[in-house]
Amino acid sequence: MTVLLITPGWDDEDVRNPDGPPSSHIASGSWPNARLADDAPPGAHIAQALARELLKVMDERGLSARAVAELVGSTHPTIGRILDGSGVTDVRTVFLLEVALRTPLWPADLHRDFRLDVQSPGAGA
């Protein structure tokens, strides 16, 4: 089980991507099947699970990033950022992908692999 260290007030941060690209948290291996660093933020774990699931669906259906983008009304670079871990997508895009592909992509059971350790600001790990 992975421990996520959370400091109160985390939700006041810039929600666009305060932790850098998800793939920047790789400890070993290659995205999206890499082992993430022990201190990888929640967004990296979510992005990794989402990329794995999207790749699986694309492989099963023989779809390219460009084809998926067309189904969603997006661009292939947006899909590419999800797949290569260079960016974090928003919930709207995940929802549109799920609707277009008619399959769940959000890692609904991911929470089972984690527990939170909420620490006061400035506390050591």
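Leaving aside its neighbours within four places in sequence, with which residues is Thr103 in contact? In this predicted model, in which residues are numbered from 1 along each chain as its sequence is written, local features need pLDDT of at least 70 and side-chain atom pairs count only at pLDDT 80 or more, whereas totals for chains, interfaces and linings use all residues. Side-chain values use heavy atoms, with hydrogens and water left out. Under these conditions Thr103 is in contact (heavy atoms within 4.5 Å) with Val57, Arg61 and Glu98. Thr103 lies in the loop between helix H4 (91-101) and strand S4 (114-118), helices (H or I, at least four residues) and strands (E, at least two) being DSSP runs numbered from the N terminus. Thr103 is buried, with a relative accessible area of 19%, where buried means under 20% relative accessible area, exposed over 50% and partly exposed in between (1.4 Å probe, protein chains only).

Helix packing was examined next. Helix H1 (residues 42-61) and helix H3 (residues 76-84) pack at an angle of about 115°, with their axes 7 Å apart; axes are lines fitted to C-alpha atoms, for helices over the stretch in contact, and angles run from 0 to 180 degrees between N-to-C directions. On the H1 side Leu50, Ala51, Leu54, Leu55 and Met58 take part, and they meet Ile79, Ile82 and Leu83 in H3.

The axes of H2 and H3 come within 8 Å and cross at roughly 115°. This contact is made by Ala65, Arg66, Val68 and Ala69 of H2 together with His76, Ile79 and Leu83 of H3. The buried residues of H2 are Val68, Ala69 and Val72; seen down the axis of H2, they fall within an arc of 100° (taken from the directions from the helix axis to the C-beta atoms), so they line one face of the helix. Their cover includes H1, H3 and H4, and H2 is followed by Gly73, whose phi is positive, near 80°.
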